[in-house]
Amino acid sequence: MKQLNDDVMEELLHEHARHSGQADEAFLEELERKLDRVEAGNAEVSTVKSKKWKPWVGVAAAAVVGGLCLYTYQQNTDNSEGDIIAAYDAAGEFREREESHDAFKGSSRSKSKKPNVRGEVFLEETADVAERRPSSPNFSAVKVIGSSSASPLEVPVPDVDLQTPSLDFGDASEFGDAWGAASEGLNAKVPHFFAQRNARKQLHRGNQYSALIENRFQDPSLEAQKFSTFAVDVDTASYANVRRMIQTGIEVQPDAVRLEEMVNYFDYQYAQPKGEHPFAVHTEVASSPWNEGHRLVRVGIQGKDIVRAERPTSNLVFLLDVSGSMSSTDKLPLLKQSMTYLLEELNSEDTVSIVVYAGAEGVALEPTKVSEVGRDKIMQAMDQLSSGGSTAGGAGIKLAYSMAKRNFVKGGVNRIILGTDGDFNVGTTGTDELTKLVKEEAKAGTYLSVLGFGQGNLNDAMMESITNSGNGNYYYIDSIKEGRKVLLEDMMGTMVTIAKDVKVQVAFNPKQVKAYRLLGYANRMLKAEDFRNKKIDAGEIGAGHSVTAFYEVIPADGSPYGPQIDPSPFEKKSAEVKRSEAPEFKDMEELLFVKLAYKQPEATVNDESTYFQVGTKDSGRGWQESSEDFKFASSVALSSMLLRDSEHAGGGSWELARQLANEGKGHDGKAQRQEFIQLIERVSN
Amino acid sequence: MTAEVIKKPKNRREQFSALAREHHLDLLVYARVLSKQEHVSRDLVQESFVAAWNNWDKFDVTRDFGSWMRGIIRNKWREWIRREKRTVSMDEETLEALELEMAEWQSHRQDGGPSVFIQLESCLKQLPEALNRAVKECYYGGFATEEAAQRLGLNGATVRKRLERARGALKQCLENGVNA
């Protein structure tokens, strides 16, 4: 009898803990739905070529979901009992073939193919996978704000290890041609994008993060890459989560590190807008600290502050997870304490309700005005909340929305604030259904924000996904200090949305820029045409909030970016002729232009967006002469890349990150920057 | 041209669904041992079931469904590794040993014995109190090691050690039980 290894025991215990060895009904239901879809796709009228031709089970491509294709590949060492590929073409002809992984290399990825949830278009298994549903409520791959067909860059499956830093993510059908292994200005080291950071024996394996793919360098002289377009975001959960990991000595999972959220956690001193628009755009350009030959551009968008007294009336429904696992001090008790800060900001014009879910949903507090008497009543209701039971299904979230609707304030802030430590088994099954619900409700004017607590079962991916769909924000609260920051400062600001569907489009001057790369925002990228598409949902900016993004720029040197590829013998035009026919660019002093699109908070999907544009020149200064905010923010960006083992960290090191942070610390009234410096010390030792 | 409506027989679907129900937990454990990630493992198993269903015509029902499914899952796992550019954490020898373990669980059940989960429950009851409490806090209570340590009045290293001993004891118990 072979010994069961420790890993097997670990997984066996986890699986048993989930369902006590009973069937995983959610899993089976999901599977049944997929099988139904497969059957529906197979139940097509098939045509036969001739009366004499024995019909195989052919499938007409057409009506249901599009062409079906199942594939797999056979391992040399595996026996033939592995999976077999069945390919069905549109003519209904049945073919059976085996494919090796080589099929992925250079596979044609037509733009007409719909990417799956991951943004991958080269996987076409079955209809239900082409419009792929996660296998469980917990799975959410790369999510996108904006166009459903916008996707991050795809990762190729090379059959050899790359020897130089690879810029090769394969055919990024949405964002231009694949680049080869050019290593412009980058230190040569073996790429290891997703270095396997196995949780191993650590018991925080329950946290789930969607895989993030980094943006690559783009060539602004190419039509498909002339613009960088993304949706803005003010979530900060990633920083709080990473901080928690570092402070508790847990290995930081790379996919938990979202660079843009890390950078945007901190306050920066951007000047207030002065003109007609509710934003000011600020840019700063200096040398890149981690690649001296490169330039680093910081783009800051500052939202207009409003006087607290002028804020609209709020109708808030707290939907609270009071399951057994919420009983620890860093969860429900912390949630209760944090809420007291929010209550300080509300007044008798505002309404608060509390809905709980744990086994059976229920109303813990009917809608209550936050007068002096009401405030006491709310606090009492909070005090009486206790955790117990399992986080079972219920109609919790639906109840919360119906409460919000009952007290809907036209022109006001109507919001569900979900407080949980993990999965949302709150009455809808599956991320898709939940996302659909919050999206519909957001369109009707009730937004959703999420407060995440605890660790070990944190469904980071789902929380981020539904708040994006719900036009809300996701925060992770791990301390009373963070609770105060989020509920007293951040939430009040974000609840007062000053603009929505905010999109940024940056154009770099091809005569000055050989290539550019947006740091972070990988799952917030949009297609260039989405910028002008008023129907594309994008991010919101709350009053007084700012959004910061970094671009790394390779200065132009007369040669094109990317690998030099000889023309095919069959081509009529030589490479020189092609280059000479490339579009002419103007001689302009600006290094880049930042364009913004936004809508007023009350605008509908059919309303037009407002646009404006700001240009920036490069003064040529080094990072040593840059502002404190620039230095500190670049330290956070570099630290994020180091935590992710990113190849784009170039010559960056923890020592450099520390130096930048110290030089950029500035006044630091809230001691946030000092805290970050301490994290660097901890993680680098 | 002749038009035909082609459908899979309902009873075959029921047959497949019943097998999925019987095997899915074991397969989820298997996929998790391979991938080390819960959401990935669920996806792998879902995809594998769908692939299996699409090739159901080719499956000989007298053969071992679990073994067939594990083969599919292994392929899907390898594909995932390539796609994600991950390092394979398991050599062929280990994979083979794992396959043998899973087959043992399976064969025991086919012989009329209880599922491995029922065996596990029985083994958990036999754990010494100190180990049992550590297991309950960390696996069933959902607490991180440090939290569990606080709740138990111990330090984190002690809890980790107890969990290791508990897993070892459970391994032994299961082996004895499967062999019985």
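**Entry 1**

I began with Asp645(A), which counts as partly exposed because its relative accessibility is 36%; I take buried as under 20% relative accessible area, exposed as over 50% and partly exposed as in between, with a 1.4 Å probe and protein chains only. The model is a predicted one, in which local features need pLDDT of at least 70 and side-chain atom pairs count only at pLDDT 80 or more, while totals for chains, interfaces and linings use all residues. Residues are numbered from 1 along each chain as its sequence is written, chains are lettered from A and ligands numbered from 1 in the order in which they are written, and side-chain values use heavy atoms, with hydrogens and water left out.

I looked up the backbone of Asp645(A) and found a positive phi of about 55°, although the residue is not a glycine. Its place is the loop between helix H13 (628–643) and helix H14 (654–663) of chain A, where helices (H or I, at least four residues) and strands (E, at least two) are DSSP runs numbered from the N terminus. In chain B I noted Lys36(B), also a residue other than glycine, with a positive phi near 65°. Lys36(B) sits in the loop between helix H1 (10–35) and helix H2 (38–54) of chain B, and it counts as buried because its relative accessibility is 14%.

**Entry 2: chain A as a whole**

I then took the totals for chain A, whose secondary structure comes to 15 helices and 18 strands. Of its 685 residues, 59% count as buried. For contacts (heavy atoms within 4.5 Å), I noted that among those in chain A between residues at least 6 apart in sequence, 77% join residues at least 24 apart.

**Entry 3: helix H4 of chain A and its surroundings**

I examined how helix H4 (residues 237–247) and helix H15 (residues 672–684) of chain A pack, and found an angle of about 45° with the axes 10 Å apart. This makes H4(A) oblique to H15(A). The axes are lines fitted to C-alpha atoms, for helices over the stretch in contact, with angles running from 0 to 180 degrees between N-to-C directions; under 35 degrees counts as roughly parallel, over 145 as roughly antiparallel, 65 to 115 as roughly perpendicular and the rest as oblique. From H4(A), the residues Tyr239(A), Arg243(A), Ile246(A) and Gln247(A) meet Gln672(A), Glu675(A), Phe676(A), Leu679(A), Arg682(A) and Val683(A) of H15(A).

Gly452(A) is found in strand S11 (residues 447–453) of chain A, and its relative accessibility of 0% makes it buried.

**Entry 4: aromatic pairs**

I counted rings of Phe, Tyr and Trp (its six-membered ring) as paired if their centres lie within 6.5 Å, with planes under 30 degrees apart as stacked, over 60 as edge-to-face and the rest as tilted. The count comes to 29 aromatic pairs over all chains. Tyr239(A) and Phe266(A) form an edge-to-face pair, at 5.0 Å centre to centre and 70° between the planes. Because Tyr239(A) lies in helix H4 and Phe266(A) in the loop between helix H5 (259–264) and strand S5 (279–288) of chain A, the pair ties together parts that are 27 residues apart in sequence. Tyr239(A) counts as buried at 1% relative accessibility, and Phe266(A) is buried with a relative accessible area of 2%.

I next looked up Phe508(A) and Tyr551(A), whose ring centres are 5.0 Å apart with planes at 70°, so this pair is edge-to-face. The pair links distant parts of the chain, with Phe508(A) in strand S13 (residues 497–508) and Tyr551(A) in strand S16 (residues 546–555) of chain A, 43 residues apart. Both Phe508(A) and Tyr551(A) are buried. I also noted a cluster linked by ring pairs, which includes Phe27(A), Phe16(B) and Trp68(B).

**Entry 5: helices H6 and H7 of chain B**

Finally I checked helix H6 (residues 129–140) of chain B against H7(B), and found axes that come within 9 Å and cross at roughly 135°; H6(B) and H7(B) are therefore oblique to each other. The contact is made by Arg133(B), Ala134(B), Glu137(B) and Cys138(B) of H6(B) with Thr145(B), Ala148(B), Arg151(B) and Leu152(B) of H7(B). In H7(B), which spans residues 145–152, I found Thr145(B), Glu147(B), Ala148(B), Ala149(B) and Leu152(B) buried. Gly153(B) follows H7(B), and its phi is positive, near 75°.
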